[in-house]
Amino acid sequence: MPKNIKKHPLKPVFIALLLFFAGAFAGEGSDFSSPASFRNPENLFLKNARTRVEPIGIGKILGMAVMEDHVFLLVGGFNGITDVIFKINQDTGRIKSIWGIGRVGARCIASDGRNLWVISESRKNFLRKFNLAGKAAAIIESRSSLSGRISGLAYSRGGLVFSVRSGGESKIYSCNLANKSFRILSSMKGSVRSIAGYSGNLAMFLDYPGQEPMRRLVIYDPERGIVKKMLFINSAAHCMASESGQLYALRRRKKGAMIYPLAVLEKENIIAADPLRRRVHVRIVLPGREARHGYEVFIPYPVNRDFQSVKNISLKPEPEGLFVDRHENKWAKIKSEKIMNNTVDLEFDLSTVSVAYTLDLKYMFDKKHVPEAVFTENTGETCSLDLSSFIVKSHSSRIKTCPEYIPSLMAIRDYVGTSIKDEELTTDEPKASTFLYKGTGGGYGQSLGFAAISRLFGYPVRAVCAYNYYDDRPAIYKGKTAVWNQFYMPGSGWTDLKITDGSGKKASTKIAGYRLNNVFISYSGGFDVQDFEDSFADGPYPVVCRKSGSGKAENVRDAQITVTSSGVR
């Protein structure tokens, strides 16, 4: 029988000390250092601003430059008449002025810090310089025609750099502004869609076409060539620009566009982008039996996590106390007598970002690279992750793994995605073995199956439960929330992985490592129905109910949960 819940307040101190000492020894003699425990999305960018561009009429956004708190948008064929430059306030998105620049096949725009440069398909008007009043100041002609489509323009080291793509290959050119000469710097496979200055080098958005396109951010040195390739967030960068060391990307929308900042964490092999700040409201309506007198209701309380920051939390009714489980999740206890109309309301300010992890496919897993506490906690058996089951062992024996860590995890993911259909299964025994045996179970069953088999191979893997939130509509959950997995990657930390995309298909990329900015992680760890003293979660159910004074607890599987969001107050 579980012990009294009131022992929880002492656990955070023990966990903190354990993690401290584990982290102190884990990095010794290794190049793999444990990442920071909390990467605050509000501290990742020099300017934490998104600019929403409203519809601009007839025309196509071709490029952008950022300078002096303004965005300069290059639009081709505006209203079918001319190419134009929109001057837009970066904070408000309001148009301040529009400059017509003629129709000579403009392709891209860049800033040198004082003026704007526009590159065009016209040899006579190949490069044009404009001052900030929209007046043409200089023209550089091209002596020869370029074979291909011009895409991307950036100012770097006193000159201009641009790309010309043709036949699945991109050539990088530079223009010396002093003598007006051109030269080829290099060529690379794939399509360079946009270019921007970055820490003395260049950042390029590279798109590999195919059935499953691979998007990369390439760090390029004009003298040394490619410095690094990193996986880009699960979105396109139709245009890129930079100002004072801050990178920006533009994503076209059906109506208008969105401009967002990028943060490149080179040492951690992570790209964070598109920060989102919202006031989130989670309304939980309990079924009648859970509101009876003499019961305690526990719900996950918002906490800061990697790339997730919470502030100004409001919970009604007020909780009796907050408790931390062994996975460092925080839970709020509410007396059922205080719950009016069976309803609990949770509100908080939330900051999130979209994240992409670049993973070393040749890395061979070594538990010495993982903090001891992390490895021990996330490779063991729980009631739901029944590693000792014959069924789990039997399925594991059918998977062909390899010495490399990431390909092995992908092999497990693909096997689980095929063996457990993305269809819901109601069962009294929510265990990995049950879902593997039945061959169905939805995202919950797939998450358990993947975690159990991965742990059996000795890989640190855990489950993650989360809410999606949208500005245009509520997200509604019946009992269960969204669920996926995370694996521990030395150097990068906990890395997201989904089995399918929610429609029965494999996840949208062959490589794991994406998280969108419209999710809020409510709790993580290993599900355990037998351990409600140290682990509140029995699955992706965000409500736990127990009779007062009793250790016995059960998940509320039919609570109605509605998640809405709006701009931060």
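The model is a predicted one, in which local features need pLDDT of at least 70 and side-chain atom pairs count only at pLDDT 80 or more, while totals for chains, interfaces and linings use all residues. Residues are numbered from 1 along each chain as its sequence is written, and side-chain values use heavy atoms, with hydrogens and water left out.

The chain as a whole has six helices and 35 strands, where helices (H or I, at least four residues) and strands (E, at least two) are DSSP runs numbered from the N terminus. Of its 569 residues, 57% are buried, meaning under 20% relative accessible area, with exposed being over 50% and partly exposed in between (1.4 Å probe, protein chains only). Among contacts with a separation of 6 or more, 60% join residues 24 or more positions apart, a contact being heavy atoms within 4.5 Å.

Two packed helices are described by the angle between their axes and the distance between the axes. For α4 (residues 405-419) and α6 (residues 442-456), the axes come within 9 Å and cross at roughly 140°; these axes are lines fitted to C-alpha atoms over the stretch in contact, and angles run from 0 to 180 degrees between N-to-C directions. The crossing of α4 and α6 is right-handed, which is to say that the near helix is turned clockwise from the far one by less than a right angle. On the α4 side the contact is made by L409, I412, R413, V416 and G417, which meet Q446, G449, F450, I453 and S454 of α6. By class, this contact of α4 with α6 holds five nonpolar, four polar and one charged residues, with Ala, Val, Leu, Ile, Met, Phe, Trp, Tyr, Cys and Pro counted as nonpolar, Asp, Glu, Lys and Arg as charged, and the others, Gly among them, as polar.

In α4, the buried residues include I406, M410 and Y415, and the buried residues of this helix pack against α3 (390-396), α6, β27 (461-468), β29 (482-489) and β30 (493-497). In α6, 13 of the 15 residues are buried, so this helix is largely enclosed by the rest of the structure. After α6 comes G458, whose phi is positive, near 90°.

Away from the helix pair, R50 sits in the loop between α1 (11-26) and β1 (51-53) and is partly exposed, with a relative accessible area of 23%. Although R50 and I259 are 209 residues apart along the chain, their C-alpha atoms are separated by 5.6 Å. Leaving aside residues up to four places away in sequence, R50 touches a set of residues including Q90, I259, D274 and N517.

Most residues other than glycine have a negative phi, and most peptide bonds are trans. D69, in the loop between β2 (60-67) and β3 (70-78), has a positive phi of about 65° although it is not a glycine, and at 42% relative accessibility D69 is partly exposed. R157, in the loop between β10 (149-156) and β11 (159-166), has a positive phi of about 55°. The peptide bond from K316 to P317 is cis, with omega near 0°, and P317 lies in the loop between β23 (308-316) and β24 (321-324).
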